[in-house]
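Work through the exercises below with the sequence and the model side by side. Try each task before reading its solution.

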Amino acid sequence: QLRLQEAGGGSVQTGGSLRLSCVYSQYIDTSKNSRCMAWFRQAPGKERERVATISLGTGGTYRADAVKSRASISHDLAQRTVHLVLENLKPEDSAMYSCAASEEYTWYDCSTRQYSVWGQGTQVTVSW
């Protein structure tokens, strides 16, 4: 059973940046297998929003329009970690950020598929 652990959240001022990390528990041989990995966020009273995705097998990425110019997602295979860097943070970026993984043997359509494994989340708070 794959497990995910997020880290890197915290409180920052408007205009600041954060790097969120999601460590997954099992090595994935990307020459034979792949998962989609994603970062979601949810603010109180709002629906969960898909922020960014990456295919571990192809490296293909997706970023939501709300963060496209301010976010980057990357994968470190050796560290079994997916990073999300958010820059020029705004108060509306405040939310619980959660990492998620798809089923095995998925390479494509990471921006639209369902995710079955979730981490516990890390809180990001952006203040003026």
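**Exercise 1. Which residues does T53 touch, leaving aside its neighbours within four places in sequence?**

Step 1. Apply the contact criterion: heavy atoms within 4.5 Å. T53 is then in contact with M37, A38, G60, T61, Y62, I73, C110, S111 and Y115.

Step 2. Note the ground rules. The model is predicted, so local features need pLDDT of at least 70 and side-chain atom pairs count only at pLDDT 80 or more, while totals for chains, interfaces and linings use all residues. Residues are numbered from 1 along each chain as its sequence is written, and side-chain values use heavy atoms, with hydrogens and water left out.

Step 3. Strands are DSSP runs of E, at least two residues, and are numbered from the N terminus.

Step 4. Classify T53. Its relative accessible area is 1%, so T53 is buried. The classes use a 1.4 Å probe and protein chains only: buried is under 20% relative accessible area, exposed is over 50%, and partly exposed lies in between.

**Exercise 2. How many aromatic pairs does a search of the whole structure find?**

Step 1. Rings of Phe, Tyr and Trp (its six-membered ring) pair if their centres lie within 6.5 Å; planes under 30 degrees apart are stacked, over 60 edge-to-face, the rest tilted.

Step 2. The search finds three pairs.

Step 3. Take F40 and Y115. Their ring centres are 5.6 Å apart and their planes stand at 75°, so this pair is edge-to-face. F40 lies in strand β4 (36-42) and Y115 in the loop between β9 (95-101) and β10 (117-118), so the pair ties together parts 75 residues apart in sequence.

Step 4. Check burial. F40 counts as buried at 6% relative accessibility. Y115 is buried too, with a relative accessible area of 9%.

Step 5. Take F40 and W118. This pair is tilted: 4.8 Å centre to centre, 50° between the planes. The pair links strand β4 with strand β10, and its residues are 78 apart. W118 counts as partly exposed, at 30% relative accessibility.

Step 6. Assemble the group. F40, Y115 and W118 form one aromatic cluster.

Step 7. Look over the ring of F40. R48 lies over its face, 5.5 Å from the ring centre. The test for a charge over a ring is NZ of Lys or CZ of Arg within 6 Å of the ring centre and within 35 degrees of the ring normal.

**Exercise 3. Is V126 buried or exposed?**

Step 1. Locate V126 in strand β11, residues 122-127.

Step 2. Its relative accessible area is 6%, so V126 is buried.

Step 3. Beyond four places in sequence, its contacts are V12, Q13, T14, L89, K90, P91, D93 and S94.

Step 4. Compare V67, 59 residues away along the chain. The C-alpha atoms of V126 and V67 are separated by 14 Å.

Terms used. Helix = DSSP H or I, 4+ residues; strand = E, 2+ residues; numbered from the N terminus.
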